[in-house]
Amino acid sequence: MRYLDPKADLTFKKVFGEHPDLIKSLLNALLPFETPEEEINEIEYLTPELAPETPLKKNSIVDVRCRDKRGRQFIVEMQMLWSSAFMQRVLFNASKAYVRQLDGKEKYELLQPVYSLSLVNEVFAPDIEDFYHDYRIVQIQHTDRIIEGLRFIFVELPKFTPHTYSEKKMYVLWLRYLTEINGKTREIPQELLDNPEIKKAVTLLEESAFSDAQLLGYDDFWDAVRVEQTLVSDALQKGKQEGIQEGMKQGMKQGMKQGMKQGMKQGERNKEVQIAKKLKAMGMETTLIIQATGLTADEIAAL
């Protein structure tokens, strides 16, 4: 049996954008709900396109957008390559979903939270050990003071490693599903198949479940990812080389400037030494030679 990678655009949207029970399970597993009452019971899909209110404003499309019975909205995105603009895009999309809950006649009290879950297939915070990043709007001096409404979760998939393979928590199972299955997978670990929801999600990845046209699109997706990775890598390498060249240029310029400065300083000293020698030979007092040349008494005595 050949399986497709669940992180690809085609498969991710098929698994989590067409099966409410699976997206509900994923969200309950990965979102930071603190009590069972906060967990999602039922969910409905919303259009993934956040169309602008006017043609002049920016349109945006997310991978999956849905809402539970309480009115809370959930935006889920699978991001293959990290860029500095991605976090701003996430903020933009979540903010748009939040403010568009109300029309002009409704009260602000009716606004419900928007959760954004971003699964990132690159390491974007190498200086932080954790793979799970939870962002909220907090008071700087008193972080227990929170403005509710928007919450952003970023998961660095390459950093994830389960503590033990016997662990059955759903967040571990879902992250193993996303990180351990790819186009080279031929056998699925039994621990994943033992869970009904994960097993269903695995079945949806079977190559035989896709048409030839879909498989062609799947291959095109990975080609596009590889091209983008190459462009990013080339841009980074070019930037690095340009930085080195500029550094060398600046270093040589600074070195020449420093060298000239040192040379002029040494020349002035040599001139003062020669003057001091002549004045000393003429029998001038040391105190006067010091005033004339700036040399110390010890330096004059050594001449």
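**Helix packing and buried residues**

Biologist: At what angle do α2 and α4 pack, and how far apart are their axes?

Modeller: Axes are lines fitted to C-alpha atoms, for helices over the stretch in contact, and angles run from 0 to 180 degrees between N-to-C directions. In this structure α2 and α4 pack at an angle of about 115°, and their axes are 8 Å apart. The names come from DSSP runs, numbered from the N terminus, with helices (H or I) of at least four residues and strands (E) of at least two. Keep in mind that this is a predicted model, in which local features need pLDDT of at least 70 and side-chain atom pairs count only at pLDDT 80 or more, while totals for chains, interfaces and linings use all residues. Residues are numbered from 1 along each chain as its sequence is written, and side-chain values use heavy atoms, with hydrogens and water left out.

Biologist: Is the crossing of α2 and α4 left-handed or right-handed?

Modeller: A crossing is left-handed if the near helix is turned anticlockwise from the far one by less than a right angle, and right-handed if clockwise. The crossing of α2 and α4 is left-handed. On the α2 side the contact (heavy atoms within 4.5 Å) is made by Leu22, Ser25, Leu26, Ala29 and Leu30, and on the α4 side by Met170, Tyr171, Trp174 and Leu175. Sorted by class, this contact has 8 nonpolar residues, 1 polar residue and no charged ones; here Ala, Val, Leu, Ile, Met, Phe, Trp, Tyr, Cys and Pro count as nonpolar, Asp, Glu, Lys and Arg as charged, and the others, Gly among them, as polar.

Biologist: How many of the residues of α2 are buried?

Modeller: Buried means under 20% relative accessible area, exposed means over 50%, and partly exposed lies in between, with a 1.4 Å probe and protein chains only. Because 8 of its 11 residues are buried, α2 is largely enclosed by the rest of the structure. The buried ones are Leu22, Ile23, Ser25, Leu26, Leu27, Asn28, Ala29 and Leu30. For the protein as a whole, which has 303 residues, buried residues make up 35%.

Biologist: How should I read a pair of aromatic rings, and how many pairs are there?

Modeller: A pair of aromatic rings is described by the distance of the centres and the angle of the planes. Rings of Phe, Tyr and Trp (its six-membered ring) pair if their centres lie within 6.5 Å, and planes under 30 degrees apart count as stacked, over 60 as edge-to-face and the rest as tilted. By this rule there are 15 aromatic pairs. In one of them, Phe33 and Tyr115 have ring centres 5.6 Å apart and planes at 75°, so the pair is edge-to-face. Distant parts of the chain are linked here, since Phe33 is in the loop between α2 (20-30) and β1 (43-46) and Tyr115 is in strand β6 (residues 114-120), 82 residues apart. Phe33 counts as buried at 14% relative accessibility, and Tyr115 is buried as well, with a relative accessible area of 9%.

Biologist: What kind of pair do Tyr135 and Phe154 form?

Modeller: Their ring centres are 5.6 Å apart and the planes stand at 85°, so this pair is edge-to-face. Tyr135 lies in strand β7 (residues 132-138) and Phe154 in strand β8 (residues 146-156), so the pair ties together parts 19 residues apart in sequence. Tyr135 counts as partly exposed at 35% relative accessibility, whereas Phe154 counts as buried at 2%. Ring pairs also link these two with Trp82, Phe86 and Phe124 into a cluster.

Biologist: Where does the charged end of Lys14 sit?

Modeller: A charge sits over a ring if NZ of Lys or CZ of Arg is within 6 Å of the ring centre and within 35 degrees of the ring normal. The charged end of Lys14 sits over the ring of Phe210, 5.3 Å from its centre.

Biologist: Is Ile188 buried or exposed, and which residues does it touch?

Modeller: Ile188, in the loop between α4 and α5, counts as buried at 10% relative accessibility. Leaving out residues up to four places away in sequence, Ile188 touches Tyr3, Ile181, Leu193 and Val202. Glu187 is found in that loop between α4 (170-180) and α5 (190-193) too, but counts as exposed at 71% relative accessibility.
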